[in-house]
Amino acid sequence: MSDLSAPGFPEEEVRRRARAGVAAAFPPPGEYGRVLFGAEHRGDLYPGGERDPLDALRIAPPVFVPQRLARLIDLGREPDYRDVELTTTIGGFTSSLPVYVSALGSTRAAGGDLGLALSRQAGALGLPMVIGENVVPVNGYGRLGESADRALLGRLRAYTEELPDGQGGVAVQQSTEDADAEVWNLVHSDPAALPLLESGRLAFELKVGQGAKPGLGGMTVLDADAAARLGDRYGLDDVFGDGRVLRSSTPGTFTAEILRQQIRMMRNNFPRVRVWVKLHPGRDVAEAARVAADAGADAVTVDGAEGGTGWAPGAFPAQVGLPLAECLRRLAAAGPPPCLLVSGRMWEGGRAVKSLALGARAVGLGRAALLATAEDPQSGLVRFAECLALELRLLISALGKYAPAALDGDDVWSTDFPGIPVTG
């Protein structure tokens, strides 16, 4: 190796690419299924390397609290944080918290016992849960002897067996390859989904994009045997040179009219099913959200660039897509959809309350849900949610309010990021 050097230049990254070739565009394949990528805060998401604008916001309690007075009169005593009611309607579902479990698809991290444990705990909590794309094409539905711990039916049953009456619901995501496998038709006709369908707790989510890799479809790493089995359904690239291959889904093609027609088709073909739409953090996210809402979507989900638990080229988490704060700013300026769901580094009450104040109906747990479940497959997510609920109650009551829906832009303040639509 030459002793040539370049101080101040990302020399080691260049050398790594010279050694590994195309494999260097991705994280090391040995970390697939064990590491949740894209979670670190990156200053390069924001011009000049500033702090995340959402984290930089301050929650700003007022001195005069007329809603507390109204609550006092209603209760006949002084209210406190325990009087905050967190039950929220999310995309047509009743949720115990303004929280849902984000789409977890066929990635290895969400498969097996961990995915089933997460589904059971989400059901017990009464939180809506999204079953992500590509589970059926990759792992099967579960009717034909496929491994139950990885198949879609296994997650569905684990969730519904723990679900309290009248709470929660499942949204089943579909992408291009899922449509080829007729995933929605399989779920809609399955006796295991009938209780959800009859109680109005089944949704189908049209995946337009995702935060981890805007403009791309889902990506996973496969061994040689799995690649041979799935090669006729996905794009496969031998980028790693060690027998493992990159499996890529197609992102789908959307215009405003295609999106409208897709939603109308969903409402016509599945009239008893709620319609959700998931968007990546694109520059036209506000227009896309408006089109989806006007076409009749019950919920519109927006992943910020901080979102995502899956496998992505290294350039995407660092440089592609709008941060969640900017998505919220653009959505607020245009008028957010009636039920806006957002995700992106959600793990504690402050970031969640700020998102709710800026127009979101609920926030999604992805990495946090997986990590909490991995910590304790029996009760980790339950305890995590209990802590989050306490934080939400404390923060919302400090604002003199007693329901998440009462939050608005007056409740947050910033001088560093004037582009955020806040007052005060």
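Ile131 faces Val172 of strand β6. Strand β5 (residues 129-131) and strand β6 (residues 170-174) are parallel partners, joined by three bridges. Two strands count as paired if DSSP finds at least two bridges between them. Helices (H or I, at least four residues) and strands (E, at least two) are DSSP runs, numbered from the N terminus. This is a predicted model, in which local features need pLDDT of at least 70 and side-chain atom pairs count only at pLDDT 80 or more, while totals for chains, interfaces and linings use all residues. Residues are numbered from 1 along each chain as its sequence is written, and side-chain values use heavy atoms, with hydrogens and water left out.

Both strands belong to a closed barrel of eight strands, in the order β4-β5-β6-β7-β11-β12-β13-β14, with parallel pairing. Neighbouring strands in this sheet are turned against each other by 25 degrees on average, direction ignored. Helix α11 (residues 256-269) packs on the sheet and touches β7 (202-207) and β11 (274-279). The direction of α11 makes about 155 degrees with that of β11. Axes here are lines fitted to C-alpha atoms, for helices over the stretch in contact, and angles run from 0 to 180 degrees between N-to-C directions.

## Nonpolar cores

The largest nonpolar core holds 82 residues. Such a core is a set of buried Ala, Val, Leu, Ile, Met, Phe, Trp, Tyr and Cys residues joined through side-chain atoms within 4.5 Å. Buried means under 20% relative accessible area, exposed over 50%, and partly exposed in between (1.4 Å probe, protein chains only). Val172, Val187 and Phe204 have the most contacts inside this core. Helix α17 (residues 380-398) supplies its largest share, six residues.

Beyond residues up to four places away in sequence, Val172 touches Ile131, Leu152, Val183, Trp184, Val187, Leu202, Ala203, Phe204 and Glu205. Contact means heavy atoms within 4.5 Å. Another core, of 12 residues, lies apart from the largest one; Ile90, Val130, Ala203 and Trp276 are among its members.

## Helices packed on α17

The axes of helix α15 (residues 349-357) and α17 come within 9 Å and cross at roughly 55 degrees. That angle makes α15 oblique to α17. Angles under 35 degrees count as roughly parallel, over 145 as roughly antiparallel, 65 to 115 as roughly perpendicular and the rest as oblique. From α15, Gly349, Gly350, Ala352 and Val353 make the contact; from α17, Leu388, Glu391, Leu392, Leu395 and Ile396 do.

Helix α16 (residues 367-375) also packs against α17, at an angle of about 125 degrees, with the axes 7 Å apart. That makes α16 oblique to α17. Here Ala368, Ala369, Ala372 and Thr373 of α16 meet Gly380, Leu381 and Phe384 of α17.

Val84 sits in the loop between α3 (66-75) and β2 (88-90). Val84 is buried, at 3% relative accessible area. Val84 and Tyr402 are 318 residues apart in sequence, yet their C-alpha atoms are 4.2 Å apart in space.

## The three-stranded sheet

An open sheet of three strands has the order β8-β10-β9, with antiparallel pairing. β8 and β9 (235-237) are the edge strands, each with a single partner, so one side of each has no neighbour in the sheet. The twist averages 30 degrees from one strand to the next.

β8 (residues 219-222) joins β10 (residues 245-248) through four bridges. Met219 has Ser248 of β10 as its bridge partner. β9 joins β10 through three bridges, and Leu236 stands opposite Arg247 in β10. In β8, Met219 and Val221 point one way, Thr220 and Leu222 the other, and all are buried.

## Helix α12

In helix α12 (residues 285-294), Val285, Ala286, Ala289, Val291 and Ala292 are buried. The buried residues of α12 pack against α11, β11, β12 (299-303) and α14 (324-334). Gly296 follows α12, with a positive phi near 110 degrees.

## Overall counts

The protein has 17 helices and 15 strands. Of its 424 residues, 52% count as buried. Among contacts with a separation of 6 or more, 72% join residues 24 or more positions apart.
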